[in-house]
Amino acid sequence: MSDFLHVYNAHAFPAADCPQVDFETFRRQVVEAVAGGARLAVLTAQQAASQDSRLIAVLMGLEAERLSVLSCPVGSSYAALTPQCPAAHWFEREIAEQTGIQPAGHPWLKPIRFIPGPQGSAPLPGVADMFGMAGSEVHEVAVGPVHAGVIEPGHFRFQCHGETVYHLEILLGYQHRGVERALRGGPDRRTRHYMETLAGDTTIGHAHTWCRATEALAGTRVPARAQAIRGLAAELERLANHIGDLGALAGDVGFLPTQSYCGRIRGDVLNMTAALCGNRFGRGLLCPGGVAFDVDGPLAEELLRRLERISTDAGGAIELMFRTPSVLARMEGVGALSTETARQIGLVGPAARACGVDIDVRRDQPYSIYRFSHIPVCTWSDGDCFARAYVRWLEIQHSLTFVKEQLRSLPAGAICQPPQPLRAGQMTVAVVEGWRGQIVHLVSTDAAGRFDLYKVVDPSFYNWFGLACVLRGQQISDFPLCNKSFNLSYCGHDL
Amino acid sequence: MATAVSILHVVLALVLAPLLLGVINRVKAKFAGRRGQPLLQAYYDIAKLLRKGAVYSRTTTWVFRLGPIVSLAAVVASLLLLPLGAVVAVVAFPGDLLLWVYLLGLMRFVTVLAALDTGSAFEGMGASREVQFSLLAEPALLLGLVALAAWSGGLSLSQLTGTHSTGWLTGTAGAITLLVSASWLAVLLTENARIPVDDPNTHLELTMIHEVMVLDHGGVDLGLIQYAAAVKLWVFAALLAGVLLPVRTAWPLVNLAGGVAGVLAVAMGVGVIESTMARLRLLRVPQMLVAAAVLAALAVVLVLR
């Protein structure tokens, strides 16, 4: 008999109803549930001045369509969950770093964002205790945090013997802005900006999750037309990023035609979002209560016309890549991850689906438009770079169909409900399938209806450790390809 | 007259070498549906670099500074030994083919030394890859030379491609020409860091071979390295064009024009290869080079049969 509270995706419940058990029960139930096939979506510690600290866990897949919440009081130390539940690894390191609560028995307890410098001085880039390998013939390769391309900062440390990587450790945190702390006490006029810039390439994804959490807390009902337009925007974001990723993967293996064409087509898709709201990344499109911009008849026609062209062009460029033997030879078998490992470390999104993990929030915890229009879930079994590329191509095709359908059958009605103040003492978990995977916002309000907890989990947070696992036993020259096949966000992780 | 044309070839090679990069990039741009960079971009880059100062790491020694100068000197010297089809080399003597091969070897050697001198993990990795792959490319190059030397009965490069005509693509001679050319094409792509072996456009240090060895060079040094690389590309393209090209007339200038056209055609061919295939995994490169050596060995067998 478990004590979890099962709630639907982005349904509010009184914060007082959040079940609280003693730590032993909490630990046992979470570990058992994850061992039994549930997935750990959030594990965080809430520290409030007025009350004791508590641990909150949110699980997915325990109860159909619902999320399961459980909490327990915690002191300055507790027995770490990670040894029995590897998916808690990153969460527990975050807890120790943010609150000072020690998960005793954690196998590799070090900060995930703020690595202090020697003797507590200011952090130095890439200076930290690293997992090392000894021997006269092994060597270490350090890459970053400043990279050769125009990409975000992160430090990678490889333990190599010749060209073979035995271990990769990833150091992040260079993009930390303190978003979660800044959100507490909100919402205010800056909240929307924080949400849209949590990860620039996932503007719609994070804004959508935030809107749904806020609407749940305020008790706002979103009009059908707004839900459809949100779905449009979300799928356009997925299209733009997946097409861009396939182009970048082609570039990494040195296959020019697909690289150049996909770069251009990605721009075309971004321009469709710009036609919707005036911004290529969809800033300002979503607002609590609905959307800020309508799609009228002529615009829908125009978008459909552009979509036709994009379908043809993207099909040609991407099929060409998957038909070219040298590309397949380069991608197949590189950076493979087993389904079992992917499950254990809690991978999400296309990276998990490429390993044969059959998860997709749009189907499993359906929300807004996806309750009425279903998108098939695409999985592949190999878990290698090819699989991660191919799952993206499958998803592109389904998203194209979905966007066309929605544009042809937009429901009539208003596009926005006037925003209402948040109700006091409420809690909610909103989950959305962003293009990179599930985005989770765990939010609760205090007695004045202000945020007293705003926990953001970007899909990159789940997946960075997956990238490190993938490199084991691989050629170091294959790292850029593996990295690109995940294409994780640094700022989404660092918050 | 013949000597003047030979000297003219060296001058043309020194002037036109960076143009080959422009030709390759233009072909790649056309395949990708882009307009592409200016044909003369490589000249602009080298001119820009030559105007700059250089920054030297404190961990480097004179070996690091010597690298670019010696490698340029070696490749220019190898140009003097190089015929272009019927246009004989400026300097030719029996056995010059070995000197030619090892002048290019010297160029690689000093580049590798300069890379190791920095003590950087990246450069060490690049040096290790460069040495590994050229170790496998050298047999292919030498076996091809042995095949042609045995066929033409001369031990000078100029005799290999000049006085001796294979009668082009028919009979045993044609088979030998084709086998050696195929083998040397693989050597050309490897030695000049082109796709499918290396990607000259990538900015990802971990996958580079040649580029990663010169990461720490800047300014004039980098300019010299880029120029030397362009001349090296010309050297290999001229060797390949010289073997493949059927222009063997009595007029030296026509021979030269034909040869230069052949070199440009090789550059276009490299552009087409780079546009239509992806890079090999580094693990697969040795397989390609061993296959190239086997083709050259087959040519030797055909000659000695």
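How many residues of domain 1 of chain A are in contact with domain 2 of chain A, and which elements supply them?

A: Start with the contact itself. In this predicted model, 28 residues of domain 1 of chain A are in contact with 27 residues of domain 2 of chain A. Several elements give two or more residues to the domain 1 side: strand 2, strand 3, strand 4, strand 5 and helix 2 (89-99) of chain A. Strand 3 of chain A gives the most to that side, with 6 residues. By class, the residues on the domain 1 side divide into 20 nonpolar, 6 polar and 2 charged.

Now place the two domains. The domain assignment of chain A sets domain 1 at 5-104 and domain 2 at 179-494. Their C-alpha centres lie 26 Å apart.

Next, follow the strands. Strand 3 of chain A covers residues 39-46 and runs antiparallel to strand 4 of chain A. The two are joined by 7 bridges. For one facing pair, take Q46(A), which stands opposite R54(A) in strand 4 of chain A.

Strand 4 of chain A has another partner. With strand 5 of chain A it pairs in the antiparallel sense, over 8 bridges. Here M60(A) stands opposite L67(A) in strand 5 of chain A. How enclosed is strand 4 of chain A? Of its 10 residues, 7 are buried, so the strand is largely enclosed by the rest of the structure.

Look at the turn next. Strand 4 and strand 5 of chain A form a hairpin, with 2 residues between them. E65(A) sits in that turn. Its place is the loop between strand 4 (54-63) and strand 5 (66-73) of chain A. E65(A) is not a glycine, yet its phi is positive, near 65°. Most residues other than glycine have a negative phi. Is E65(A) buried or partly exposed? E65(A) counts as partly exposed, because it has 15 C-beta neighbours inside 10 Å.

A10(A) lies in the loop between strand 1 (5-8) and strand 2 (13-14) of chain A. This alanine is buried: 24 other C-beta atoms lie within 10 Å. The cut-off for buried is 20 or more, so A10(A) qualifies. E65(A), with 15, does not reach that cut-off, so it is not buried.

Now step back to the other chain. In all, 24 residues of chain A are in contact with 21 residues of chain B. On the chain A side, the elements that give two or more residues are strand 8 (138-143), helix 7 (256-277), helix 9 (325-331) and helix 15 (479-486). Strand 8 of chain A gives the most, with 5 residues. By class, this side has 13 nonpolar, 8 polar and 3 charged residues.

Chain B has a backbone feature to find too. The peptide bond from I195(B) to P196(B) is cis, with omega near 10°. Most peptide bonds are trans. P196(B) is in the loop between helix 7 (171-191) and helix 8 (210-213) of chain B.

Finish with confidence. The predictor gives the complex an ipTM of 0.87 and a pTM of 0.91. For chain B, the mean pLDDT is 90, and 97% of its residues reach 70 or more. In chain B, helix 6 (residues 157-163) has the lowest confidence, at a mean of 74. The highest is in helix 2 (residues 41-50) of chain B, at 96.

Conventions: Residues numbered from 1 in each chain as written. Chains lettered and ligands numbered in written order. Predicted model: local features only at pLDDT ≥ 70, side-chain atom pairs only at ≥ 80, totals over all residues. Helix = DSSP H or I, 4+ residues; strand = E, 2+ residues; numbered from the N terminus. Buried ≥ 20, exposed ≤ 12 C-beta atoms within 10 Å, placed from the backbone. Contact = placed C-beta atoms within 7 Å. Nonpolar A, V, L, I, M, F, W, Y, C, P; charged D, E, K, R; others polar. pLDDT = per-residue confidence, 0-100. Pairing = 2+ DSSP bridges. Domains from an automatic or database assignment.
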